[in-house]
Every structure is written in C-alpha cells, then in structure tokens.
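I opened this model to go through its side-chain contacts and its surface. My notes follow in the order I looked things up.

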Amino acid sequence: MNTLKTASPPVATVRTERPNLRVAWALSLAGLLPLLAALIYAASPATHWLAGAIVFELYAAVILSFLGGMRWGRALAMGEGSARMVEAVIPSLLGFAALLLVPVWVPLAVAVTGIGFAIWLRRDAGDAAWAADFRRLRLVISLAVLGLHLALAVVLYLRLPH
C-alpha cells in the first residue's frame, strides 16, 4: 500500500501579544506635529497663510488614508466581509475630495477633512472590535486633530478677505 502524504498548508495564526502602548502613544502624538507646524505657519503674520493651509490639508488627507488602511488591514486579518473593505476606502476618498477642493476654496477643504476625522472617530469609538486601549488613543488623538482643524478654520477666517 503506497500512501502519499501531502503537506497541509500552514495555518495562519493571529498574534495575541499586546502592542507597546507607549510607542503607539509616542508615534500618534508625533503624528500631530506636522499639523501643528502647518497651523503655526498659516497663522504666522510673516508667512503666506495659504501655504500653511495647503500643507495642513495634504497631511490631513494622508492621515485619513491611514485610518482607512487600518480598517482595511483589520478587515483582511479578521475575515470581515467585503462591506468593511468598501467602508475602509471612504476616508481616502474624503481626503482626495478635500485635496481637489484646495484650489477652489481652502476652508471647504478643511471642513471636509475635519468631517472625515469626526466620522471616523465616531465609527472607531463605537467599534468593539478595536481594543479599548486603541479606542482611547483614537479618541484623544482625533479630538486633538479636530481641535487643530478648528484652529485652522479660525486662522483662515481671520486671514481671508471678507
């Protein structure tokens, strides 16, 4: 009797180790620096405010795409349905729409990215699939990002001709 044994494919395992939260917090806080620097540049009377606002919007669009990428990766890793992957591209599309609006009217672009961050904060804060530590991190960082958006809106209001 000749039995041929075939190797079974390796089984994917999900890592259960806890992420280093200090590193996550440090990197997340550092991620606020480009927005803060662009805001300061836009607010400085010695600079052209529009350049700071554009840089702010470019970085905000990148970070929105990052938030969608996190959701995309989770959907793949957890075997979630295709609706989750479709949902995951929405932040990138919002960021891209904001970039298209920059040459038209910068305050509207700032509103679009701000709304995008608010929507995804709401989505992630209520999503029990994310760890509580991650949801807390997202809440703090997203509120800071929204505060920076509000500050830029005030700067633009003050700097734009009425």
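I find Arg74 over the face of Trp130, at 4.4 Å from the ring centre. The model is predicted, and I read the distance as computed from it. Arg74 is buried, because its relative accessible area is 7% and the cut-off for buried is under 20%. I then looked for ring partners. The structure holds one aromatic pair. Trp130 and Phe134 form it, with 4.5 Å centre to centre and 35° between the planes, a tilted arrangement.

I count eleven salt bridges in the structure. Next I went to Arg84. Which residues does Arg84 bridge to? One is Glu87, with the closest N and O atoms 3.4 Å apart. Arg84 and Glu87 share helix α4 and sit three residues apart, about one turn of the helix. Another is Asp127, at 3.3 Å, N to O. Arg84 is in helix α4 and Asp127 in the loop between α5 and α6, so this pair ties together parts 43 residues apart in sequence.

I noted the exposure of these three. Arg84 is partly exposed at 23% relative accessible area. Glu87 is buried at 14%. Asp127 is buried as well, at 8%.

I looked for a nonpolar patch and found Trp72, Leu76, Val89, Ile90 and Leu93, with about 450 Å² of accessible area together. The elements giving two or more residues to this patch are α3 (49-78) and α4 (82-101). Helix α4 supplies the largest share, three residues. Trp72 lies in helix α3. Its relative accessible area is 36%, so I log Trp72 as partly exposed.

Is Thr113 buried or exposed? I find Thr113 buried, with a relative accessible area of 0%. Thr113 is in helix α5 (residues 106-125). A polar atom of its side chain lies 3.2 Å from the backbone oxygen of Val110. Last, I looked up Leu139, in helix α6 (residues 132-159). Leu139 is partly exposed, at 39%. From Leu139 to Ala118 I read 10.0 Å, C-alpha to C-alpha, across 21 residues of sequence.

Conventions
Residues numbered from 1 in each chain as written. Predicted model: local features only at pLDDT ≥ 70, side-chain atom pairs only at ≥ 80, totals over all residues. Heavy atoms only, no water. Patch = residues over 30% accessible without salt bridge, like charges linked within 9 Å, V, L, I, M, F, W, Y side chains within 5 Å. Areas by Shrake-Rupley, 256 points an atom, 1.4 Å probe, with all protein chains shown as cover. Salt bridge = Lys/Arg side-chain N within 4 Å of Asp/Glu carboxyl O. Helix = DSSP H or I, 4+ residues; strand = E, 2+ residues; numbered from the N terminus. Buried < 20%, exposed > 50% of the residue type's maximum accessible area, 1.4 Å probe, protein only. Phe/Tyr/Trp six-rings, centres within 6.5 Å; stacked < 30°, edge-to-face > 60°. Lys NZ or Arg CZ within 6 Å of the ring centre and 35° of its normal. Polar contact = N/O pair within 3.5 Å; in protein donor to acceptor, adjacent residues only side chain to side chain.
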